[in-house]
Amino acid sequence: MEKQKICPKQAYGGLKSFAISMKPSLQIMILLLVWLLGFFIRIFSVIRFESIIHEYDPWFNYRVTKVLVEHGPYKFWNWYDHESWHPLGRPVGPTVYPGLMATAGLFHWCAHAIGFPVDIRNVCVFIAPIFSGFCAAATYLFTKECTHREGPGLFAAIFIAIVPSYISRSVAGSYDNEGVSIFALVLVFYLWIKSVNTGSILWSMACSLSYFYMVAAWGGYSFIINIIPIYVLGLIFIKKFNMRVYIAYSVFYVMGSLLAMQIQFVNLAVVKSSEHLASHGVFFIVQGYVLVQWFKAKLTQEQFEKYSKLILTYSTIGFAMVFAYASLTGVTRWSGRSMTLLDPSYAKKYIPIIASVSEHQPSSWATFYTDVNVLVIFMPVGLYFCYIKPTYGMLFCALYGILSVYFACVMVRLMLVFAPACCVLAGIGTSEVITRLIKSIKQAFIEEVQSEEQQIEEEKQEKITENDQKKESKKGSNQQKNSQSAKSISKYPFIASTVLLVVVAYSLCTYVFHSTYISAEAYSSPSIIMSARRENGEKFLIDDYREAYDWIRQNTDPADKIMSWWDYGYQITGMANRTVLADGNTWNNTHIATIGKAFASTEEEGYKIARHLDADYVLIIFGGLSFYSGDDVSKFIWMIKIAQGVYPEIVESNYFSNGQYRIDNQASDTMKKSLMFRLAYHRFNEVSMGFQHPRGFDTVRNMAVDSTPIKLKYFTEVYTTERWMLRIYKVNEDPNRDDKLERSIL
């Protein structure tokens, strides 16, 4: 019995139907795998070091979360932190975005409710990696809603799960607002496009609720409240505005604004801040536009033109008067960070404390390559497909991509806002390119099969009669026409399609390896624990930060105050449990400038300022021995800039020698006499760096410090860590002041 031959088309059809039936299960499985991938790529820090909170701001978030979990929300909202900004203190409830702390507290409560007694510290450590999975799922839904296809959504989900820019703020231990807010950002955009596509009030309300969570989580919500009005205004200009958009924006504006005002830190800024001005203006423009369209349908053309000119004139005059009043009276005002986004040179000119933060610097091309890698190549491809298929979702993706590129160029920190846009557009571009290439390869394969079948038919035709040959020739001509029409469908040659597909696959593989490497080596090292290698390649840990904070906690009085630069305030209060003069909540520029003046002044003048601020100890970071370039000597220039903005007697040029920043024998006298110089290089000229360098050689500045011994009169060195990274000095007591008596009275 002859075996039945299976036609390639039948085999392909059966495989296709099986794939379609398994499609939902495969999508869910892929998203779960993406979630696991995003989680495990973010826990290198726990594997290599330990479960610990990273950086500076996360330590404050951790302290506040502990208060919320241990004492409840009432204590949280009314807590006045006396250990920060001495002697001013800080009301915590009205000055924080509570979304992160509330989320961690909810996770902690749920874990205990199901019998899993996890410590709140571990919840804080792992919450960002967990939310990376939520973010990947939200990105999938957002991209799918924009394109109405699953392929781009899956690519976008994979991309954002391992994109280095997002990893930098969501590794295990990075307990910062961005860890949960990027998920909220993408979720808002998904629900917004969903409400625009459907015109549903329910989806618009869901969008407003997700926006409320975003406002509670991060100050970056201002990007949302500006991009959505710009999008709606753009739809009016390109004549794609309809009632679905009207319903979506009206509900979102009213409900979102009311909900945002419930956050104490935002409150009336919804009305007063210029960051919200676009949302108000577009709301009234939308109402006016709909009203005009209604009048147009009810009035004659002549009447409509007459009344429209009158309404336009009065509206323009009214808007100009309101804008002039708001600008002149200062009812609405732009924040310093917002002005920096509009004018990148603004912070350097007027607010040096903002410019001094590394994450507020403009992004370089190297930053783009490191943080998004090959996605920056696929992103323009996705942007192209957005313009050739201008649906509501595609237009929003294009607008999001263009605006986020600008903001990412202005400020490194906003690479976080750019990352989702880049992943979505790259997902669209990658999916379209791969789909077209595979179709071309498949079409070439089908053509080859058809040509083989045609040859077999031609061999059979030689054995049949002439009459049959005529009939068969007609069939052959029809088949030839079909093959020619099929051939016309194939857009790209087989070889070119195959080569391009291999190149795309290779690029995506390099992206995975790059993201893994950057996550492990660049973004998984906590700032308080560092690793290095000896000359023989052996790896060792540098734990000077915790060594110094542990010494402070065990060897100082609980009532003692620590003076340091504001960067380290959160860590000192979080790990050493001591009061600091300033921290990362840089709300009081004058107070920070006073500390900068103390470090920039002579030892005697700095001592007077330290006593005036009631400081008992001074802590500085010094990297001259351990090759640590982020020390206070490197930051000293910014301390001078900030101080001279408030105190004119501090002149930046006095600290330079012939226009150079030097610490050796050629350093300026003002530099050598400054308190920062004397505290940093006290006894350093006794340190030998080996026969290759002279004594007192600074490995960061690559020069030997002035050989003149530094003898301190008003400060006493009490502790220096193993590698000299942290140095602690006691402020000598004033002989005319009895500190013990004063403390007993207080």
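**Close-up 1. Helix α13 and the lining of the largest cavity.** Helix α13 (residues 243-260) supplies the largest share of the lining of the largest cavity, 5 residues. Helices here are DSSP runs (H or I, at least four residues), as strands are (E, at least two), numbered from the N terminus. This is a predicted model, in which local features need pLDDT of at least 70 and side-chain atom pairs count only at pLDDT 80 or more, while totals for chains, interfaces and linings use all residues. Residues are numbered from 1 along each chain as its sequence is written, and side-chain values use heavy atoms, with hydrogens and water left out. A search of the whole structure finds 1 cavity of 30 Å³ or more, and about 40 Å³ of space lies in the largest cavity. On a 1 Å grid over the protein atoms alone, a cavity is a set of points where a 1.4 Å probe fits but cannot get out, and lining residues have an atom within 4 Å of a point. Grid points are joined across faces, edges and corners, and the volume is the space filled by probe spheres set on the points. The lining includes Y211, F252, Y253 and H276. Its residues divide into 6 nonpolar, 4 polar and no charged (Ala, Val, Leu, Ile, Met, Phe, Trp, Tyr, Cys and Pro count as nonpolar, Asp, Glu, Lys and Arg as charged, and the others, Gly among them, as polar).

**Close-up 2. The aromatic pair F368 and F418.** The structure holds 46 aromatic pairs. In this one, the ring centres of F368 and F418 are 5.5 Å apart and the planes stand at 75°, so the pair is edge-to-face (rings of Phe, Tyr and Trp, its six-membered ring, pair if their centres lie within 6.5 Å; planes under 30 degrees apart count as stacked, over 60 as edge-to-face and the rest as tilted). Because F368 belongs to helix α20 (residues 365-372) and F418 to helix α23 (residues 415-461), the pair ties together parts that are 50 residues apart in sequence. F368 is buried at 7% relative accessible area, and F418 is buried at 1% (buried means under 20%, exposed over 50%, partly exposed in between; 1.4 Å probe, protein chains only).

Close-up 3. Strands β3 (residues 530-533) and β4 (residues 539-542) run antiparallel, joined by 4 bridges; strands pair if DSSP finds at least two bridges between them. A532 stands opposite F540 in β4. The hairpin has 5 residues between its strands, and G537 in the turn has a positive phi of about 90°.

Note on methods: 1 Å grid on protein atoms, 1.4 Å probe; cavity = no way out; pocket = protein on both sides within 12 Å on 5 of 7 lines; lining within 4 Å.
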